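Thanks for coming. Please have the structure open.

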Amino acid sequence: MKIKNCQIVTAAGTLSYVYVRSPRRKTVAIQIDQDLEVRVFAPSFLNEQEVIDFIEDKAFWIKQKINAFKKRHFCSTKRLFSDGEEFLFLGEKHKLCYQETLNKKVSIQFSSDHWDVYVPKVLAQEDIEPLVRKAFVQWYQREAREILASRIFYFARILKVDPSKVSIRTQKKIWGSCHHSTKRINLNWKIVMAPLRVMDYIIVHELCHLKTPNHSSKFWDRVQKVLPKYKECEKWLYGHSGLMVLS
């Protein structure tokens with residue numbers, strides 16, 4: 001297998017991609033991953049110009065796919081984790097309330113309208129925020145696993161689909177992804193910051209991809225049948241994505 005980074009100018013604009021040649025492949029395939037990286041897989045018997053011709057033919061499709069991902073792309077912004085800072089959970093903002101403790105580790109507890117953040121007295125000032133952030137991420141991840149499990153099961157039954165595996169993970173660019181061929185779904189744990197209806201939209205979106213791997217009218221009809229107001233969820237994500245990061 002040979003791998004190299006390439007870039008070509010097409011009618012749709014400049015495209016950068018990772019070119020992977022393998023003697024095991026029989027056809028050319030294009031994959032766009034969660035970080036918006038384009039990977040082109042080709043059999044070894046094809047020469048490079050044939051592969052370039054194939055990419056140029058698919059250039060507008062590739063750009064369209066990337067733009068579709070970008071609609072669900074979230075912006076990274078620097079967040080502080082000091083006393084009084086606000087974060088989202090289930091669509092509502094809540095404050096961090098620092099409490100001193102004799103314990104040796106930072107711990108977090110949610111109390112209906114705020115987080116109690118227990119900070120060891122022995123911690124140096126410069127160590128507090130990094131450790132609070134780490135504990136906060138772990139808290140969100142635990143909540144995500146618990147909340148999303150029941151919602152996935154519920155909508156999978158409605159849509160009559162059966163994903164082979166659902167992973168709750170950190171995804172750098174998008175809220176969710178679906179690998180149609182393996183029936184695997186990945187969900188970003190940060191979506192528990194959104195209202196329940198928005199979480200449901202992201203789940204339904206990815207589950208619908210198990211039946212329809214593209215964003216055709218047939219795909220959106222499936223989504224709308226389950227969630228008639230899904231466009232309102234997209235608008236919420238667009239307007240609040242900057243708050244749904246813990247960078």
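Helices α4 and α5 cross in a right-handed sense. Keep in mind that this is a predicted model. The two helices pack at an angle of about 140°, and their axes are 10 Å apart. An angle over 145 degrees would count as roughly antiparallel, so α4 is oblique to α5.

Which residues make that contact? From α4 there are Tyr201, Val204, His205 and Cys208, and they meet Phe219, Trp220, Arg222, Val223 and Val226 of α5. Sorted by class, the contact of α4 with α5 has seven nonpolar residues, one polar and one charged.

Now the other partner, α3, which spans residues 125-159. The axes of α3 and α4 come within 10 Å, crossing at roughly 50°. The pair α3 and α4 is therefore oblique as well. The way α3 passes α4 is again a right-handed crossing.

On the α3 side, the contact is made by Ile147, Leu148, Arg151, Ile152, Phe155, Ala156 and Leu159. On the α4 side it is Leu196, Met199, Asp200, Ile203, Val204, Leu207 and Cys208. How many of the residues in the contact of α3 with α4 are nonpolar, polar or charged? There are 12 nonpolar, no polar and two charged. If you want to find α4 residues in both lists, look at Val204 and Cys208: they are in the contact with α3 and also in the contact with α5.

Next is α6, residues 230-240. Its buried residues are Tyr230, Cys233, Trp236 and Leu237. Why do these count as one side of α6? They cover an arc of only 110° around the axis, and that puts them on the same side of the helix. What do they pack against? The buried residues of α6 pack against β5, at 86-89, and against α4 and α5, at 196-208 and 217-226. The face turned away from the buried side carries Lys231, Lys235, Tyr238 and Gly239, which are exposed.

Last, a strand residue. Arg39 is in β4, which runs over residues 38-43. Leaving out residues up to four places away in sequence, Arg39 touches Val18, Val20, Ala29, Ile30 and Gln31. Leu90 is 51 residues from Arg39 along the chain, and the C-alpha atoms of the two are separated by 35 Å.

That is the end of my part.

How values were computed: Residues numbered from 1 in each chain as written. Predicted model: local features only at pLDDT ≥ 70, side-chain atom pairs only at ≥ 80, totals over all residues. Heavy atoms only, no water. Buried < 20%, exposed > 50% of the residue type's maximum accessible area, 1.4 Å probe, protein only. Helix = DSSP H or I, 4+ residues; strand = E, 2+ residues; numbered from the N terminus. Arc of directions from axis to C-beta. Contact = heavy atoms within 4.5 Å. Axes fitted to C-alpha atoms, helices over the stretch in contact; angles between N-to-C directions. Parallel < 35°, antiparallel > 145°, perpendicular 65-115°, else oblique. Left-handed = near helix turned anticlockwise from the far one by under 90°. Nonpolar A, V, L, I, M, F, W, Y, C, P; charged D, E, K, R; others polar.
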